[in-house]
Amino acid sequence: MISSVPAHVGVIMDGNGRWAKKRLMPRSYGHKSGMNRMIGLAERARQAGVKYLTVYALSTENLSNRPKDELDGLFGLFRKYFDANVKKLYAKNACVKVIGDLSALPDDLCEILKNGEKNSPEGADFTLVFAINYGSRSEILRAVNRAVEAGETVDGEKFSSLLYTADIPDPDFIIRTGGEKRLSNFLAYQAAYAELYFTDVLFPDFSDAEFDKALNDYASRERRFGRI
Ligand code: IPE
Ligand code: IPE
Ligand code: MG
């Protein structure tokens, strides 16, 4: 029987910039509000019985295509809040995993992110997966090259183990805030059978009540996986 609560939820946290613009504030203010909301959402997801929450914080395209000052602002935010926020999560028996190409990020930030993983408690009952400089296409190409280098033919199980998300079950439910109806290079392989939910609510306004509404929508769906 399939649970009515998704074990793994992915969130494309979009709309921070527009949220700030509506308030005549700089985009960085929206990113800061989004960061706070992300931690609130992790707690709400854990309470609801979700086991994995993957949050899309920065795409490979964001890193290539956003102005340097916006990226520096984002890195500053991650530096300032990541550590403190993950410690709050540890206290609630949650662990942290980071997915994406960390090698292209500033060294000190890379260290902070790796420590977030390393210092996570054993036996946690909830995992926050932080996707940063993450892109499905580069993840898939990396996995293919790893298989080629090892001279291996891979089946589905083996291929999954070569992705950043090895050891993490495929997402059951993908939520995108901010009104766009696309995946923007997020978990394209893993989300092949995920239920999708799009809302116009901008991420900093995506409250616990909005999250509950999305979970109720998920609970009403019939997942057939090809069956009649
Ligand atoms: C999503 O918000 C966060 C990141 C991509 C870092 P945006 O920054 O894309 O916000 P909008 O879409 O411009 O409102
Ligand atoms: C997707 O948002 C990436 C993240 C939320 C981190 P974008 O705002 O970058 O997506 P596009 O460019 O509108 O597709
Ligand atoms: Mg956006």
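Predicted model: local features only at pLDDT ≥ 70, side-chain atom pairs only at ≥ 80, totals over all residues.
Start with helix α4, which covers residues 68-91. Its partner here is helix α5, residues 107-118. The two axes come within 10 Å and cross at roughly 10 degrees. Angles under 35 degrees count as roughly parallel, so α4 is roughly parallel to α5. The crossing of α4 and α5 is left-handed. Which residues of α4 and α5 make the contact? From α4 come F75, F78, R79, F82, V86 and Y90. From α5 come D108, L109, I112, L113, N115 and G116. Sorted by class, the residues of this contact divide into 8 nonpolar, 2 polar and 2 charged.

Now turn to the other helix pair. Helix α2 spans residues 27-48 and packs with α4 at an angle of about 20 degrees. The axes of α2 and α4 are 10 Å apart. These two helices are therefore roughly parallel to each other. The crossing of α2 and α4 is right-handed. On the α2 side, the contact uses R27, H31, K32, M35, I39 and A42. On the α4 side, E70, L74, L77, F78, Y81, F82, N85 and L89 take part. The contact of α2 with α4 has 9 nonpolar, 2 polar and 3 charged residues. Look at F78 and F82 of α4. Both take part in the contact with α2, and both also take part in the contact with α5.

Next come the ligands. Around ligand 1 there are 13 residues. Which of them are the closest? They are D14, G17, R18, R27 and R66. R27 also belongs to the α2 side of the contact with α4. Several backbone atoms sit by oxygen atoms of ligand 1. For R18, a backbone N or O atom lies 2.7 Å from an oxygen atom of the ligand. For G17, the distance from a backbone N or O atom is 2.9 Å. For G15, a polar backbone atom is 3.4 Å from an oxygen atom of ligand 1.

The residues around ligand 2 include I12, M13, Y56, A57, L58, S59, R182 and S184. Side chains supply the polar atoms here. A polar side-chain atom of N62 lies 2.7 Å from an oxygen atom of ligand 2. In R176, a side-chain N or O atom is 3.2 Å from an oxygen atom of ligand 2. In R66, a polar side-chain atom lies 3.4 Å from an oxygen atom of ligand 2.

Definitions and conventions:
Residues numbered from 1 in each chain as written. Chains lettered and ligands numbered in written order. Heavy atoms only, no water. Axes fitted to C-alpha atoms, helices over the stretch in contact; angles between N-to-C directions. Helix = DSSP H or I, 4+ residues; strand = E, 2+ residues; numbered from the N terminus. Parallel < 35°, antiparallel > 145°, perpendicular 65-115°, else oblique. Left-handed = near helix turned anticlockwise from the far one by under 90°. Contact = heavy atoms within 4.5 Å. Nonpolar A, V, L, I, M, F, W, Y, C, P; charged D, E, K, R; others polar. Near = heavy atom within 4 Å. Polar contact = N/O pair within 3.5 Å; in protein donor to acceptor, adjacent residues only side chain to side chain.
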